[in-house]
Amino acid sequence: MGMNNREIAAVFERVAELLEFQGANPFRVRSYRSGARKIADLSEPLAAIVADDSRSLTEIEGVGKAVAEKIEVMLATGRLPMLDELLQEISPQVLALLRVPGLGPKKAAFLHKELGINSLEELRKACQSQQVRGLKGFGPKTEETILKGLAIAEQAESRTRWVEADTIASRLLEHMRAIGGIRQMEMAGSYRRGCETVGDLDLLVEATDVDAVMDRFGSFQGVAEVIARGDTKMSTRLDSGMQIDLRVVPKESFGAALQYFTGSKDHNVVVRGRAKQRGLKVNEWGVFRVAGEGEEQYVAGETEEEVYAALDMPCFSPQMREARQEFQWADQRELPKLVELADIRGDLHMHTTATDGKASLQEMVDAAKHRGLEYIAITDHSKRVTMARGLDVQRLRAQWAKIDLLRENLEGFTVLKGIECDILEKGGMDLPEDVLAEADWVIASIHYGQNQPQEQITERILGALENPHVDIIAHPTGRLINRREPYDVDMEEVFAAAARHGKLLELNANPARLDLHDIHCAAAKRHGIPIVISTDAHSTEGMGVMCHGVQQARRGGLTAEDVANTLPWNEFEKYLR
Ligand code: DGT
Ligand code: CA
Ligand code: CA
Ligand code: ZN
């Protein structure tokens with residue numbers, strides 16, 4: 001069971017964090033952390049280096065002998081015993097302390113030792129009773145920050161980001177497929193609905209040999225415990241804490257079970273209500289006609305289409321099933337045709353090695369063409385973003401000159417000269433007006449002063465929307481799922497201003513951002529604001545996250561018409577001023 005570079009890097013990052021929490025030698029911590037970074041940046045699969053007898057992992061800068069040996073273990077076995085041991089030593093409740101934004105492993109360890117804090121709940125109590133502020137290096141302000149961060153840490157403890165759930169789901173499906181006898185298999189629940197975070201995974205299987213399916217399910221890598229095993233249901237918990245529910249159903253019920261366990265609960269409440277109006281009953285076994293006292297006649301259940309059809313309803317896309325607008329659409333026979341990945345023709349937010357990207361301008365262009373895109377915008381950071389070596393006017397002009405040269409050899413493919421220009425803390429743009437005027441595509445975004453009060457941060461974004469050279473606001477709320485709260489921005493004001501000035505808004509497809517989120521996408525649509533789904537790629541692989549943005553857009557009920565970068569280039573051009 002091989003692991004890819006990203007997964008191996010994540011393991012080392014975790015090891016570094018745990019060692020730091022334990023107060024290990026800082027050099028040791030650093031070697032794992034820098035190893036993780038180097039591996040994450042590597043374009044070549046580690047497995048390829050190991051497979052080549054003439055090469056050694058230690059040829060990778062920053063990878064020493066200890067790290068190299070562990071990579072080989074992971075590639076061979078899919079696990080790192082050292083991480084398993086560390087996880088044995090520190091309980092999951094204590095580990096959750098590491099997830100509090102602004103706390104970090106060192107401070108978390110200090111609180112654990114000094115105050116005996118063993119869980120998020122205990123941390124909350126300690127802050128509320130003002131025990132934390134008295135400690136060395138802490139104060140009332142830190143206490144306040146911790147309290148604010150606790151909510152997000154609590155969510156992160158119980159809900160996994162969709163993209164991480166997806167890795168587990170794909171592995172599990174692959175693992176299950178290895179046994180014969182499985183006729184149908186689907187992942188249901190919030191995962192199938194494309195929710196940004198997933199509480200637990202719900203696997204549905206149609207098979208003849210239930211025992212074989214359950215045995216296989218229990219032997220999935222990373223299963224820490226089997227919570228329950230019955231005749232048709234089984235639940236496990238993984239090392240990560242995530243639960244997986246399995247249900248094995250017969251052929252005639254597969255569609256009904258898929259409908260039932262896809263949910264959402266609210267969607268299903270309405271479905272059941274409508275069934276009742278028709279003298280029908282719907283549950284995980286099928287749709288039944290209530291014939292009389294205790295008598296039920298099976299009507300449908302093999303497929304989802306059939307289940308919905310029996311209730312005079314269309315087979316809603318899973319992303320719609322939240323009891324928001326879908327029933328109204330169905331009643332009016334106006335179910336939108338949701339945007340699909342294949343509709344996307346351009347990617348208008350990406351970085352290169354000129355700032356914090358990992359691929360050159362040429363590499364990004366080649367990769368975009370390879371992906372079948374028709375146009376892209378190169379949008380490196382502006383100078384305020386010092387951490388990313390943001391571009392000043394001179395370096396930006398140099399990049400544009402390079403783009404001009406490159407354009408001479410491009411046929412049927414457009415590269416826009418763009419910039420991701422910071423909105424300064426005090427308001428206003430990070431680059432002069434005349435420079436912005438020269439750009440083909442100006443993204444405005446906030447990276448600093450994210451904790452400003454609502455009025456101030458809203459003003460900054462409104463200021464950018466009023467700027468005639470700005471085309472779009474990137475990641476408009478700044479949230480990081482399970483990591484960072486959104487800015488305290490008044491989105492109604494932002495929507496009104498964007499509509500008034502004819503500006504676009506971004507749906508950042510990075511699975512940690514998904515910003516705008518689904519409800520905001522629906523609101524933008526109501527305001528008539530076109531959405532641009534962008535990857536914000538910092539590498540060629542980074543362009544692969546587009547699917548996550550599309551999924552979120554679908555949850556927001558957006559069609560291809562609502563998403564500007566589904567337009568062919570000659571039509572998209574109208575958005576450029
Ligand atoms: P999650 O796991 O919290 O991210 O969200 P879901 O939607 O996956 O919820 P989950 O795993 O509890 O259940 C999956 C679906 O199964 C849910 O959307 C609706 C259905 N379901 C589960 N438990 C019940 C229940 O007690 N009553 C009803 N009516 N439906 C249920
Ligand atoms: Ca679930
Ligand atoms: Ca469940
Ligand atoms: Zn960016």
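## A parallel sheet and its metal sites

Let's start inside the sheet: Ile 472 has Leu 504 of strand 16 as its bridge partner. Keep in mind that this is a predicted model. Strand 15 (residues 472-473) and strand 16 (residues 504-508) run parallel and are joined by two bridges. Zoom out and you'll find an open sheet of seven strands with parallel pairing, in the order 11-12-13-14-15-16-17. Strand 11 and strand 17 are the edge strands, each pairing on one side only.

Now for the metals. Here are two of the sites side by side:

| Metal | Donors | Distances |
|---|---|---|
| zinc ion (ligand 4) | His 349 (NE2), His 351 (NE2), Glu 420 (OE), Asp 536 (OD) | 2.0 to 2.3 Å |
| calcium ion (ligand 3) | Asp 200 (OD), Asp 200 (OD), Asp 202 (OD), Asp 245 (OD) | 2.3 to 2.7 Å |

The zinc ion (ligand 4) sits in an irregular site, with angles of 80 to 166° among its four donor atoms. Along the sequence, its donor residues follow the spacing H-x1-H-x68-E-x115-D. His 351 comes from the loop between strand 11 (346-347) and helix 17 (361-370), while Asp 536 comes from the loop between strand 17 (531-534) and helix 23 (546-555), so this pair ties together parts that are 185 residues apart in sequence. His 351 and Asp 536 are both buried.

Asp 200 is partly exposed, at 24% relative accessibility, whereas Asp 202 is buried, with a relative accessible area of 11%.

How values were computed
Residues numbered from 1 in each chain as written. Chains lettered and ligands numbered in written order. Predicted model: local features only at pLDDT ≥ 70, side-chain atom pairs only at ≥ 80, totals over all residues. Heavy atoms only, no water. Donors = N, O, S within 2.8 Å, 3.2 Å for Na, K, Ca; no water. Tetrahedral: all angles 85-135°; square planar, octahedral: opposite > 155°, others 65-115°. Helix = DSSP H or I, 4+ residues; strand = E, 2+ residues; numbered from the N terminus. Buried < 20%, exposed > 50% of the residue type's maximum accessible area, 1.4 Å probe, protein only. Pairing = 2+ DSSP bridges.
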